[in-house]
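I open this notebook page with the chain as a whole and then turn to single residues.

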Amino acid sequence: MKKSEKMVLLSLCLVLASLNLYNYLRRERLEKDIQVIIEESMVFVSINEAGIDELTSLPGIGPVLASRIVDYRISNGEFQRLEDLKKVKGIGPHIFSKITPFIRL
């Protein structure tokens, strides 16, 4: 391979590497921007104030489980920590992890 061919090949490799890096950084920035938009537009459900309708908007929470949450709150008072939701029959680690990003006290 001639020296000029090697230079052309090296130049092409550098251009491709630069474009790859540019696209990677652009995608990273875009993903961060999307995450910020999602977080800013999220509506949180207060587990100490929400009624059954609001609670059923949470992933994995149907009317029966929402009723149990309200009943538990009536019987035991307000939740002191988010983790106290696990004391409600039917809310295990899986459901708790699904709803945690959407709830507040």
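Predicted model: local features only at pLDDT ≥ 70, side-chain atom pairs only at ≥ 80, totals over all residues.

Residues are numbered from 1 along each chain as its sequence is written, and side-chain values use heavy atoms, with hydrogens and water left out.

I looked up the fold and found four helices and two strands in the chain (DSSP runs, H or I of at least four residues for helices and E of at least two for strands, numbered from the N terminus). Along the sequence they follow the pattern α-β-α-α-α-β. The chain is more spread out than a compact globule, because its radius of gyration is 25 Å, well over the 13 Å that the globule rule gives for 105 residues (taken over C-alpha atoms, the rule being 2.2 Å times the number of residues to the power 0.38). Along the principal axes, I read a C-alpha trace of about 85 × 25 × 25 Å.

I then checked burial, and buried residues make up 21% of the 105 residues (buried is under 20% relative accessible area, exposed over 50%, partly exposed in between, with a 1.4 Å probe and protein chains only).

Glu49 sits in the loop between β1 (45–46) and α2 (52–55), and I list Glu49 as exposed because its relative accessibility is 65%.

Pro59 is in the loop between α2 and α3 (63–76), and counts as partly exposed at 28% relative accessibility. I also noted that the C-alpha atoms of Pro59 and Thr100 are separated by 9.8 Å, with the two residues 41 apart along the chain.
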